[in-house]
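This briefing is for a reader new to the structure. Please look over the sequence and the model before going on to the points below.

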Amino acid sequence: MIEFFQQIINGLAIGGIYVLIALGLTTVFGILGIAHFAHGSVSMFGGYLTFVLVSVQGFPLLLAILVAIVVGLGLGVLIELLAYRPVRKASHINAFIVALGLTMMVEGINLELFGHEQVVIPTNMSHVFNIGGVTIPELRLYAIIAAVGLIIAMTIFVAKTKTGQAIRAVAENRDAAILMGVNVNTIPLVVFAISTALGVCAGVRVGSLLAIAPGQGEGLVVIGFAALILGGLGSIPGAVVGGMVLGVTEALAAGYISSAYKDVIAFAVMILVLLVRPEGLLGKAR
Amino acid sequence: MTFRIKYIVYAAAVALLIALPQIITVKYYLHLSILALIWVIMAQGQNLIQGYTGYVSIVGAGFMGIGAISTALMGIHFDLPVWLTIILAPCVTALFALAAGYPSLRVKGHYFAIVTLAFNLVIFIVLMHWASLTQGEAGITGIPKPAGRDFIVNFRDREVYYYFVFIVAALATTLAALLVRSRVGKTMMAIKQNEDLVGAIGVAAWKYKLFAFVISAMYAGLAGAIYAHYQSFINPEIFGVAQSLDAILAVIVGGSGTIPGPVIGAFVVVFLPEYLRFDDSFRLILYGLMLVLLTIFMPRGIVGVTQDLWAGLRSKR
C-alpha cells in the first residue's frame with residue numbers, strides 16, 4: 001500500500017509537469033485555435049537556459065528562473081509575430097505545418113546551443129520528507145506547490161483581470177470583441193507570451209526533477225496534447241485533470257508494469273477515452 | 001497548364017526516370033535515386049490523406065516500419081516467398097491502420113495530427129523495445145532480395161532494383177491519380193473543403209476518412225517493405241517521428257493536393273540533405289525554416305509556383 005501511495009506521489013510530481021505544458025497549450029488552442037506543437041521544444045529551451053545560467057554563469061536558482069521566464073515572454077511574442085501571424089488567415093493545416101517547422105527549428109537550435117548531453121539543473125535541495133512511510137523529496141514537494149500556485153494564478157488571471165476578460169472575449173467571438181474595442185492584434189501576443197512563460201516553468205521543472213535531453217520537448221508536447229484531449233479541449237480544469245491522470249497512470253505503469261512502456265500505456269488511456277468520450281473527461285458534449 | 005503540355009511534361013519526366021540509371025555514373029547517386037523512388041510511394045500515400053483529405057497524419061514512418069518489419073518477419077518465420085511478403089506487408093499495415101484510424105478520426109484537425117503522432121511514438125517504442133520480435137536496436141539482418149538466382153534478372157543488381165522500384169512507384173502514382181479522379185477521391189476533397197457539408201448531404205464522411213487513412217498507410221507499408229528488401233537490413237530507429245515529418249515536408253515542398261507534387265517532393269527530400277552536408281542539428285534548423293517559409297510564402301509548393309508562372313507567361317503573350 002505504501003508502494004502504491006509512493007507511486008501516486010511520484011505521479012503527481014510528473015503530472016504537474018504535464019499540467020504546466022498542457023496549460024500553455026490549452027490557452028493557445030482555446031483562444032487562437034492553434035495547435036502550438038513547438039511548445040515542448042520551446043519549454044526545453046527555457047530549461048536549458050536556466051541550466052546554463054545556474055551552472056555556467058553562477059546565477060542563483062530563483063534569479064535564473066526569473067530571467068528564463070522573461071526570455072520566455074519575449075520568445076512567445078516573437079513566435080507569434082514571425083511564425084503564426086502570417087498564416088492566421090490561412091487554413092488550420094498551414095498553422096500546424098508552421099508549428100512542425102518551428103519544432104524542428106527549435107530542436108535544432110537547442111542542439112546547436114546546448115549540445116547532445118542530457119543536463120540536470122543543480123539545486124541544493126536534498127531534504128526528504130517522510131510522511132507515514134511515504135517519502136517526498138523536498139524538491140518534488142516544492143514543484144507540486146509551485147504548479148498549484150501557477151494554476152491558481154492562471155485561473156485568476158483569465159477570470160478576473162481586464163486582459164483576461166479581453167482574452168476570453170476573443171476566444172468567444174472575435175468579431176464581437178473587435179466591436180467592443182478589444183485590440184485583437186495584441187491579444188495573441190499576450191497569449192503566446194504567457195503560454196511560453198508557463199512552458200519555461202515546465203522546462204525548469206523537467207530540468208530539476210528529471211533531466212533535459214534532445215528530443216524530449218517533442219515527447220512532452222505530445223503528452224501535453226494527450227492531456228488536453230483526455231481532459232477536454234480548451235479548458236483549464238480539463239488540462240489539470242488530463243495532466244494529472246496521465247502523470248499518475250504513467251507512474252503506476254512504470255512502477256507495476258514496465259518503465260519502457262510507460263508512454264504506451266499513457267497513450268492507450270488517451271485512446272480509450274477518445275473511444276468512449278471523444279469530447280474528453282471534462283469537455284462539453286458536441 | 002494546357003492539357004497537351006501537361007502530358008508532354010509527364011512523358012518527359014517518365015522518360016528521364018527510365019533513362020536515369022544510364023545517365024548516372026556515380027553508384028551512390030543510383031542508390032539515392034532508388035531511395036527517392038521509395039519516397040515517391042511514401043509521399044503519394046501521405047498526399048492522399050494530407051493533401052486531398054486535409055488531415056495531417058504524422059504516423060507515416062510508423063506504418064513504414066510496420067511494413068518493413070512484417071515483410072522481414074514473414075520471410076524469416078513462415079518462409080514465405082519475397083514477392084508474397086511484399087504484397088502481404090501493406091495488408092498487415094492496413095490492419096494496424098484500421099485499428100489506429102478508428103479512434104484517431106474521432107477528433108478533427110490538429111488533434112487528429114497529435115493522436116496519429118502518439119501512434120507513431122507507440123509504434124516506435126514497441127519496435128525498439130520488443131527485442132524478441134524485432135531484434136530492437138540491433139536490427140534485422142539478411143533480409144533477402146526478391147526473386148531467385150534462376151531468373152533472368154538479378155535483383156542484387158542495383159540497376160535492376162531501380163527499375164523494379166520505378167515500376168512500383170509509377171503504379172502507385174497512377175493508382176493515386178485514378179483514385180483522386182474517382183467519386184471516392186472527389187468525396188475526400190469535399191471533406192477537405194467542408195466536412196460538415198459532406199455530412200449534411202448524407203455522406204458518411206468517416207468512412208471516406210478511414211479509407212484515405214488506411215490507403216495512405218498501405219502506401220507507407222509498401223514503401224517500408226521495398227525499403228527493407230533493398231537494404232537487406234532494418235533498424236527500427238529510422239521509423240521515428242522525424243521520418244514522418246520528412247514525408248509531410250515532401251508533400252508540402254512538391255505541392256500538396258497534386259499528383260506530380262509528391263514525386264518532386266520525394267526527390268527534394270532525399271537529395272537535398274546530400275547537397276547540404278551540415279551536421280544534424282543545423283539540418284533540423286534549415287528544414288524547419290524551410291517548412292515555415294514555404295508554408296507562409298509558397299503554400300502550394302513547387303507545382304503551384306510552376307503553375308502560377310506558366311499562367312503568368314501565357315497571359316502576357
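From the N terminus on, chain A of this predicted model runs α-α-α-α-β-β-α-α-α-α-α-α-α. That order holds eleven helices and two strands. The radius of gyration of chain A is 19 Å, close to the 19 Å that the globule rule gives for 286 residues, so chain A is as compact as a globular protein of that length.

**Overall form of chain A**
- The C-alpha trace of chain A spans about 60 × 50 × 35 Å along its principal axes.
- Of the 286 residues in chain A, 50% are buried.
- Among contacts in chain A with a separation of 6 or more, 74% are between residues 24 or more positions apart.

**Helix α2 of chain A**
- Helix α2 of chain A covers residues 39-55, which is 17 residues.
- From its first C-alpha to its last, α2(A) reaches 24 Å, close to the 24 Å expected at 1.5 Å a residue.
- Most of α2(A) is covered, with 15 of its 17 residues buried.
- An α-helix has 3.6 residues a turn, so residues three or four places apart point the same way.

**The largest nonpolar core**
- The largest nonpolar core has 194 residues.
- Within this core, A226(A) and A118(B) touch the most other members.
- Leaving out residues up to four places away in sequence, A118(B) touches V222(A), A226(A), F267(A) and M270(A).
- The two residues that touch the most other core members therefore also touch each other, being buried members joined through C-beta atoms within 7 Å.

Terms used:
Residues are numbered from 1 along each chain as its sequence is written. Chains are lettered from A and ligands numbered from 1 in the order in which they are written. This is a predicted model: local features need pLDDT of at least 70, side-chain atom pairs count only at pLDDT 80 or more; totals for chains, interfaces and linings use all residues. A residue is buried if 20 or more other C-beta atoms lie within 10 Å of its own, exposed if 12 or fewer, and partly exposed in between; C-beta atoms are placed from the backbone. Helices (H or I, at least four residues) and strands (E, at least two) are DSSP runs, numbered from the N terminus. The radius of gyration is taken over C-alpha atoms; the globule rule is 2.2 Å times the number of residues to the power 0.38. The expected span of a helix is 1.5 Å times one less than its number of residues.
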